[in-house]
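Dear colleague,

I am handing over the structure below, followed by notes on what was found in it. Please read the notes with the coordinates open beside them.

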Amino acid sequence: MKKLLIVLAATALLSSVCFAKDLKIGIASGALAMDPYYQNETTTNSILSNIFDSLISFDKDIKTKPSLAVSWANPEPTVWILKLRKGVKFHNGNNFNADDVIFSFDRVKNWDKSGFKSTVAMIESFSKIDDFTVKFVTKKPFPILLRKLTYVGILDKETVEGKSNEWITLNPVGTGPYKLVTWRKGDLIKLTAYNDHWRGKPEIENVVFRPLTNNATRVAAILSGEVDIINRVPVVDVARVRRNDKLNFFVKPGLRLIFLQMDQFREDSPHIKSPTGKNPFLDVRVRKALFYGINEDAIVKYVMKDFAIPAAQFSPSVVFGYDPSIEREKYDPKKAKELLAEAGYPNGFEVQLDSPNNRYINDSQIAQAVAASLSKIGIKVTVNATPKSTFWAENRKLNTSFFLMGWASADGDASSILDAIVHSYDTVKGFGNRGRFSNAEVDALIDQSSAIMNPDERLKYLQKAQKIALTDLQCFIPLHYQVDLYAFGKTINFEPRTDSRIWVFDISTQ
Amino acid sequence: MAKYIFNRLFHSVLVMFTISFIVFFIMFKAGDPVELMLPIDATQQEVIEMKHALGLDQSFIIQYGKFLENVAQGNLGNSFRYGQPALDIVIERFPATLELSVLAMIFSIILGIPLGIISSLKPNSILSRVIMFFSLIGISVPVFWTGMILVLIFSVVFGVLPSSGRGEVFLFTSALTWDGIKHLIMPVITLSAFQLALILRLTRTGMMEVLLQDYIKLATAKGVPRRIIVYYHALKNTLIPLITVIGIQFGQLVAFTIITETIFAWPGTGKLIIDSIQNLDRPIVVAYLLCISVIFVAINFIVDVLYTFIDPRVRV
């Protein structure tokens with residue numbers, strides 16, 4: 001009898017082990033730090049979003065929703081009052097309250113190594129009203145404050161205060177649905193469910209994130225069943241993944257736009273040889289000619305294997321500021337040649353196209369395809385593909401005339417790209433505008449839009465700014481939006497998110 | 001002997017000093033790490049603040065001087081990218097690389113030398129030809145191909161071995177757990193393929209040369225058993241060049257596990273160093289290369305000492 005009981009107990013134990021809901025996720029790159037303010041980097045943010053909660057969070061389509069803040073009011077254009085959630089506990093049992101919020105924002109704003117300074121730059125001050133109410137004051141009316149708040153995970157003041165930065169980055173204590181068990185750098189990050197989490201007990205008990213940076217390795221891991229989910233399925237392996245009847249394959253349109261930007265402010269640009277001796281990109285007709293002269297459909301088909309979406313504007317439709325009336329115009333080399341001739345370049349010109357070769361999906365191949373396309377309208381393009389470390393350094397020095405880059409409007413608002421890349425380069429905006437496109441009317445629209453608190457009204461300004469900058473002036477050449485490709489087991493319920501984060505709380509198994 | 005060791009130490013310090021300077025200089029010239037750490041639209045002010053926080057706003061000489069000052073206190077600086085002490089990060093990942101290289105080396109030696117001897121004794125037999133055929137494959141097939149084919153066969157098709165990762169780790173090594181051993185098999189085979197073939201071929205050539213020497217003929221004439229001639233008299237003389245090569249190759253293994261580590265997502269230093277070079281994480285690159293040079297120096301020292309045991313004519 002005793003023996004039987006032991007056997008039964010062992011069986012029960014075994015079966016509970018078998019049915020324990022564990023999940024292994026193969027990710028294309030690992031986390032850099034467990035300090036939520038050190039590196040503003042997609043994968044790090046993705047993993048830490050499971051450990052730390054922010055005041056506001058994004059749903060899967062990057063719309064804002066309450067998280068540690070339950071409600072908010074905006075009594076004056078620059079003043080925001082946020083009510084905090086009560087009864088929330090950190091992983092170590094400490095209570096969450098306004099002091100933690102104030103402490104966190106103080107650190108993210110003032111720590112000299114904070115990677116999120118630009119995220120919170122518009123916040124002038126923050127203060128505690130009572131234990132569960134905080135007040136934020138912005139420098140100017142700032143309609144997208146809530147979107148920015150999604151980036152700041154809240155730390156526990158009692159735990160972190162007085163600790164060294166090296167300690168903080170190894171010991172994350174948040175209020176999120178998962179807590180860290182082990183972090184073997186380059187090997188795995190093991191998380192376990194935090195059962196007292198305020199949203200409720202997470203369905204998946206243990207999660208292991210494994211950085212499988214080599215594409216073939218990542219695919220082998222999902223095909224052999226060693227991991228349950230992988231992200232960034234390489235386009236060349238899509239067919240193999242699809243053939244496997246144990247796997248689901250999911251295509252999620254992403255936020256990142258790939259585009260070409262060009263020198264639009266120097267008469268004498270460093271890498272251009274034109275018959276007139278001038279910089280042809282100063283002429284809008286030449287920029288238009290480029291747009292018509294690049295066969296983007298062919299790039300999507302042959303370089304991206306159909307896993308990209310040709311872009312007609314700055315950001316995809318999920319982003320606030322999208323304009324449904326703009327559609328992408330067709331590839332038209334004839335029109336391109338006419339425009340070039342009109343601008344005084346019937347025989348084209350020579351230019352160097354700079355591109356990173358390890359930053360975006362197939363970046364240098366895209367540049368090659370662009371060069372091939374443009375050669376048909378008489379523009380001789382030499383591709384200069386370099387590692388991102390070299391590329392960005394030269395780019396900041398403006399040692400370039402024509403270059404490929406990408407931009408993700410990660411906070412889900414068109415102001416992201418308008419402020420950074422379309423606005424003239426000045427002391428507050430346009431820092432990513434390395435082509436130095438500049439138009440007073442566009443600047444005015446962008447500046448005005450940033451102070452309009454009414455969303456409908458604001459949308460009109462954003463759309464108008466885009467229309468002038470892109471449709472009329474062709475401030476750069478949009479190519480395509482990247483898409484995120486996932487493969488996961490048939491027994492897993494997983495719906496990928498627009499922000500590319502892997503939010504385990506919403507994943508379940510059958 | 002004491003004087004010899006002292007000289008060796010002095011040379012090593014000089015070597016490491018030079019290495020640190022060269023690496024520091026190359027990384028200084030290679031680009032701006034801050035550019036990769038901050039978003040594209042970071043303000044000039046943020047760039048300046050970040051540079052200041054990392055000490056990158058100083059001139060090369062001052063930065064290098066600071067580095068030396070810190071090294072004197074045993075501090076190699078904090079990684080730009082991970083924000084933790086660079087030496088800790090490197091050392092944390094060294095066991096994984098060492099275990100892979102040591103096992104690969106042992107595997108190559110215990111298979112390579114006997115197979116080399118066998119194929120040298122009867123060079124024209126079928127067995128020798130088969131051995132030589134496979135050694136040719138081992139020498140010429142690229143590591144990433146071997147690795148991927150093993151993964152395809154044993155993980156994807158048959159599902160008997162895990163395709164990646166280190167598995168369960170006990171006392172710094174995965175060689176002590178069953179799960180860990182399963183994870184080790186394919187990376188070790190992949191990494192040792194070339195070494196094994198190299199050692200095998202060197203042993204064979206060495207033996208074939210030595211077996212023609214007069215003292216072997218003398219021993220045979222004296223009636224010394226064939227076994228003793230081969231495994232004692234001949235092998236001992238073949239070993240000297242072999243040990244030099246094994247020493248150099250071991251250093252190579254530790255330093256160049258990069259491809260194997262990438263294929264098998266093995267969390268060693270090879271992957272770390274590639275990432276760090278790409279991200280211009282200077283403190284890690286410097287710390288890693290200093291560690292590697294310590295290992296090389298140590299291996300060379302051990303090889304020199306081993307000589308004296310094998311060949312009494314050699315004195316240190």
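By class, the side of domain 2 of chain A that touches domain 3 of chain A has nine nonpolar, one polar and two charged residues (Ala, Val, Leu, Ile, Met, Phe, Trp, Tyr, Cys and Pro count as nonpolar, Asp, Glu, Lys and Arg as charged, and the others, Gly among them, as polar).

This is a predicted model, in which local features need pLDDT of at least 70 and side-chain atom pairs count only at pLDDT 80 or more, while totals for chains, interfaces and linings use all residues. Residues are numbered from 1 along each chain as its sequence is written, chains are lettered from A and ligands numbered from 1 in the order in which they are written, and side-chain values use heavy atoms, with hydrogens and water left out.

The count of salt bridges between domain 2 of chain A and domain 3 of chain A is one (a side-chain nitrogen of Lys or Arg within 4 Å of a carboxyl oxygen of Asp or Glu). Lys148(A) forms a salt bridge with Asp411(A), and their closest N and O atoms are 2.8 Å apart.

The area buried between domain 2 of chain A and domain 3 of chain A is about 1,000 Å², with 62% of it given by carbon and sulfur atoms (the accessible area, with a 1.4 Å probe, that two parts lose on being put together, summed over both). In domain 2 of chain A, the residues that lose the most area to domain 3 of chain A are Ile62(A), Pro143(A) and Arg147(A), together 44% of what that side buries.

A search of the whole structure finds two cavities of 30 Å³ or more (on a 1 Å grid over the protein atoms alone, a cavity is a set of points where a 1.4 Å probe fits but cannot get out, and lining residues have an atom within 4 Å of a point; grid points are joined across faces, edges and corners, and a volume is the space filled by probe spheres set on the points). The largest cavity holds about 40 Å³ of space, and its lining has two nonpolar, two polar and four charged residues, among them Asp112(A), Lys117(A), Glu46(B) and Glu49(B).

Best regards

Conventions. On a 1 Å grid over the protein atoms alone, a cavity is a set of points where a 1.4 Å probe fits but cannot get out, and a pocket is an open set with protein on both sides within 12 Å along at least five of seven lines; lining residues have an atom within 4 Å of a point.
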